[in-house]
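User: Please take a close look at one part of this protein, the annotated methylase span. Then set it in the context of the rest of the chain.

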Amino acid sequence: MMHKQFYKNHHIRKRFGQHFLINVNIINRIISAINPQSNDYIIEIGPGLGALTEPIIKYLDNLTIIEIDRDLVRRLSDNNHINKKIIILEKDVMNVNFSKLIQKNKKMRIFGNLPYNISTKIIFYLFNYITFIKDMHFMLQKEVADRLVAKPGEKSYGKLTIMAQYYCQIIPLFTISSGSFFPSPNVDSVMVRLIPHQIIPYPAIDMCMLNFIVNEAFKKRRKILRNSLKNIFTAEVLELFGICPLSRAENISGEQYIKLANSISNQYSLVKKNIFPISIGH
Ligand code: SAM
């Protein structure tokens with residue numbers, strides 16, 4: 001039989017990754033890290049029962065919140081402490097078209113104690129709107145925070161690392177133990193700040209190409225690149241970019257991936273200049 005668990009009379013839904021913050025000190029630390037200013041344009045993902053919503057709204061003229069759970073939406077809209085200032089989107093955040101939320105002359109500040117089951121998906125999704133975002137503050141499971149800040153050669157280094165560091169400067173702020181939540185998750189969490197680069201340090205000509213190359217490389221992360229990228233680059237081309245063909249996906253820096261991707265995006269001109277023939281799909 002299914003065992004139902006309740007918090008403040010709310011039936012906790014595991015499928016929505018519901019772990020509610022119960023530690024007031026941590027809540028205060030999060031609010032000061034966000035440092036809300038009255039006329040900021042702030043969006044909260046997954047307000048839940050309002051653990052962060054209530055304290056942050058005191059500083060704001062208004063706040064947009066996105067919550068998927070119908071019961072929680074009802075409670076939030078009935079909550080007299082916040083309901084005059086909130087704009088509620090009862091939606092799956094993955095279906096929110098953030099370009100429709102853009103305000104003139106105001107970039108979005110997005111924050112949330114993200115549902116852990118889809119936190120990575122949400123971060124990738126928000127990269128689509130990165131030029132309209134001023135900053136993001138997210139509570140994440142430690143393993144995801146580690147992936148965001150990893151360096152080449154580290155175990156956590158992967159696609160999320162490369163894409164996140166492509167778009168943002170990433171600052172881990174503080175660790176939160178599982179006891180600060182109800183129900184407590186199995187893992188510790190980390191509060192992370194992501195600040196989109198004003199100018200992308202190494203721009204990719206074609207993001208689809210960068211995605212494709214990184215995906216291919218990491219499909220089998222233990223394979224050597226000469227094999228995993230063999231349908232795209234010859235070993236000679238890899239060497240031309242200073243990449244040892246015997247190295248693995250996790251050994252290559254973001255900048256090197258971008259150079260590889262750009263070389264195909266630029267293929268025509270490179271071939272024209274006789275720099276090298278790239279064999280694609282042979
Ligand atoms: N902010 C609250 C807190 O800190 O106590 C709740 C955080 S809880 C980890 C995650 C919240 O995200 C829940 O309220 C959950 O219902 C909501 N949520 C889960 N999946 C969602 C989705 N796809 N779109 C919007 N909200 C979602």
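Analyst: Residues 26-198 are 28% helix and 28% strand. The end C-alpha atoms of this span lie 30 Å apart. The model is a predicted one. The name of the span comes from UniProt, where an unreviewed entry places "domain: Ribosomal RNA adenine methylase transferase N-terminal" at residues 26-198.

In the model, residues 114-133 are 45% helix and 5% strand. The end C-alpha atoms of that stretch lie 17 Å apart.

Next, a charged pair. Side chains of opposite charge can pair when their charged atoms come close. The structure holds eleven salt bridges. One of them joins the side chains of Arg 109 and Asp 40, at 2.8 Å from N to O. Arg 109 sits in strand 7 (residues 108-113), and Asp 40 sits in the loop between helix 1 (24-34) and strand 4 (41-45), so this pair ties together parts that are 69 residues apart in sequence.

Now the backbone. Most residues other than glycine have a negative phi, and most peptide bonds are trans. Phe 182 and Pro 183 are joined by a cis peptide bond, with omega about -10°. Pro 183 belongs to the loop between strand 10 (181-182) and strand 11 (189-196). Lys 8 is not a glycine, yet its phi is positive, about 50°. Lys 8 lies in the loop between strand 1 (6-7) and strand 2 (10-11).

Eleven residues from domain 1 and 15 residues from domain 2 take part in the contact.

How much area is buried between domain 1 and domain 2? The figure is about 980 Å², and carbon and sulfur atoms give 65% of it. On the domain 1 side, three residues stand out. Tyr 157, Lys 159 and Ile 162 supply 49% of the area that domain 1 buries against domain 2, more than any other three residues.

What polar and charged links are counted here? Between domain 1 and domain 2 there are zero salt bridges. Seven residue pairs are in polar contact between domain 1 and domain 2, both residues of each pair being at pLDDT 80 or more. The side of domain 1 that touches domain 2 has six nonpolar, two polar and three charged residues.

Key: Residues numbered from 1 in each chain as written. Predicted model: local features only at pLDDT ≥ 70, side-chain atom pairs only at ≥ 80, totals over all residues. Heavy atoms only, no water. Contact = heavy atoms within 4.5 Å. Buried area = accessible area lost by both parts, 1.4 Å probe. Salt bridge = Lys/Arg side-chain N within 4 Å of Asp/Glu carboxyl O. Polar contact = N/O pair within 3.5 Å; in protein donor to acceptor, adjacent residues only side chain to side chain. Nonpolar A, V, L, I, M, F, W, Y, C, P; charged D, E, K, R; others polar. UniProt positions renumbered as here; feature names shortened; annotations may be inferred. Helix = DSSP H or I, 4+ residues; strand = E, 2+ residues; numbered from the N terminus.
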